[in-house]
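This briefing is for a reader meeting the structure for the first time.

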Amino acid sequence: MSLAPTAIKEAMYVGSSGNAEDYSLVYLSIAAVTLAIAVLASICLKGFFNTISILIGLVGGYLFTLVMGCIFPAYHIIDFSAVEQAKWLGLPFLQRDDAGRYFYMAPKFNAVAALTFIIVSISTICEHLGDILTTSKVVGKNFYEDPGLHRTLIGDGIATAWAAVWGGPPNTTYGENIGVMAITKVYSVWVIGGAALIAILLSFCQKFGAVIQTIPTPVLGGICTLLYGLIASSGLRTIVESGVDYQNKRNLTISSVILVIGIGGGMLRFNVGGSFTFSLGGVALATVVGILLNLVLPSDEQREAKR
C-alpha cells in the first residue's frame with residue numbers, strides 16, 4: 001500500500017510530480033480507461049484472454065492514447081522519435097561514450113558501497129519474505145519449505161551478483177508479479193522462466209526497448225492501481241486465512257503500528273561516520289518494528305501466567 005501514491009501520481013499528474021498545478025484530466029481519463037479495460041477483461045473474458053487481462057489493459061490504454069492523440073492535441077503524449085533513432089540489434093550491457101563508441105564497463109569492488117548494500121539488503125530480504133509468503137497463499141503451496149527460503153534467498157543473491165557483472169540493476173522480488181499471478185491463475189515455473197528467456201532475447205532489440213519506453217505514464221498508473229490493490233488484497237487474504245484474532249488488543253496494536261510506519265514512510269536514519277549514513281525505512285522498518293513488538297508485548301497466555 002506504500003506504493004499506492006506512486007500509482008495515483010502516475011495516473012493523475014504530469015511527470016508524476018503530485019503538484020496541484022500538474023494535475024491533468026487527460027492523464028486521469030487515460031488511466032481510467034486503462035483500468036476499466038483491465039478490470040472488464042479479468043471479469044468478463046474467459047480462457048486465454050482472461051489470463052492476459054493485464055496485457056489487454058496495457059494495450060487497450062496504449063491504443064486509446066494513440067487514437068485520441070490523433071484527434072485531440074492534448075492526448076498527443078506518445079513520442080516515437082526514440083524508436084526511429086534506436087537500432088534493431090544491440091548489446092544492452094555496452095555503454096556509449098561522447099564520441100559514439102561502445103565499451104564494456106567492468107564492475108569494481110568498493111568496500112563502502114558493499115557495506116551500504118548489505119544494509120539495504122535488509123529491506124529486500126524483508127520484502128522477499130513477505131512476497132514468498134503471499135505467493136504461497138496465492139498458489140496454495142508452502143514455498144517456505146519447498147524449495148525453502150534458503151534457496152529463494154540465494155537465488156536473489158546470485159541474480160543480483162550476475163546482473164552487476166553486466167551492469168544491470170540489483171534483483172529483488174516484486175509484489176506486482178504476485179498480483180499478475182492472482183489474476184491469471186498461471187503459476188507454472190516454466191511459463192515464468194520462458195517469459196524471462198523471451199525478455200532477455202528482446203533486450204537485444206533496441207527498437208523494442210524504445211517502444212516499451214513510449215508507454216504513457218498514465219497507462220502504467222491505471223494498471224498499477226489494479227496491481228497494487230491486488231497485492232494488498234492478497235495480504236489481507238493471508239491474515240484472514242491465518243485466523244488472526246483482532247479482538248485481541250495485542251494483535252490490533254502490532255498491526256496498527258506496522259501499517260502506519262509502512263504506509264506512512266517511517267524512516268530511521270543516522271550518520272555512522274564520514275559520508276556513510278545508515279537508513280532503514282518503509283517496509284523494512286515496519287517489519288523490524290513488528291518483530292520487536294511481537295517479542296516485547298506479552299500475549300494473553302503470558303499475562304495470565306504472571307497473574
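Isoleucine 215 sits in the loop between helix H10 (206-213) and helix H11 (217-241). The model is predicted. In it, isoleucine 215 has a relative accessibility of 22% and counts as partly exposed.

**Isoleucine 215 and its surroundings**

- Apart from neighbours within four places in sequence, isoleucine 215 is in contact with Tyr62 and Leu220.
- Asparagine 177 is 38 residues away from isoleucine 215 along the chain, and the C-alpha atoms of these two residues are separated by 19 Å.
- Isoleucine 215 is not classed as buried, because its relative accessibility is 22% and buried means under 20%.

**Threonine 134**

- Threonine 134 belongs to helix H6, which covers residues 111-139.
- Is threonine 134 buried or exposed? Threonine 134 is buried, because its relative accessible area is 12% and the cut-off for buried is under 20%.
- With neighbours within four places in sequence set aside, the contacts of threonine 134 are Ile178, Ser234, Gly235 and Thr238.

**Helices H1 and H2**

- Two packed helices are described by the angle between their axes and by the distance between those axes.
- Helix H1 (residues 4-12) packs with helix H2 (residues 25-44) at an angle of about 115 degrees, and their axes are 6 Å apart.
- On the H1 side, the residues that meet H2 are Glu10, Ala11 and Met12; on the H2 side they are Tyr27, Leu28 and Ala31.
- In this contact of H1 with H2, 5 residues are nonpolar, 1 is charged and no residue is polar.

**The chain as a whole**

- The protein chain has 14 helices and 4 strands.
- Its C-alpha trace spans about 75 × 50 × 45 Å along the principal axes.
- The protein chain has 307 residues, of which 27% count as buried.
- Among contacts in the protein chain with a separation of 6 or more, 62% are between residues 24 or more positions apart.

**Surface and charge**

- The protein chain carries 18 positive and 18 negative side chains.
- The centres of the positive and negative sets lie 4 Å apart.

Methods. Residues are numbered from 1 along each chain as its sequence is written. This is a predicted model: local features need pLDDT of at least 70, side-chain atom pairs count only at pLDDT 80 or more; totals for chains, interfaces and linings use all residues. Side-chain values use heavy atoms; hydrogens and water are left out. Helices (H or I, at least four residues) and strands (E, at least two) are DSSP runs, numbered from the N terminus. Buried means under 20% relative accessible area, exposed over 50%, partly exposed in between (1.4 Å probe, protein chains only). Contact means heavy atoms within 4.5 Å. Lys and Arg count as positive and Asp and Glu as negative; His and the chain ends are not counted. The place of a charge is taken as NZ of Lys, CZ of Arg, CG of Asp or CD of Glu. Axes are lines fitted to C-alpha atoms, for helices over the stretch in contact, and angles run from 0 to 180 degrees between N-to-C directions. Ala, Val, Leu, Ile, Met, Phe, Trp, Tyr, Cys and Pro count as nonpolar, Asp, Glu, Lys and Arg as charged, and the others, Gly among them, as polar.
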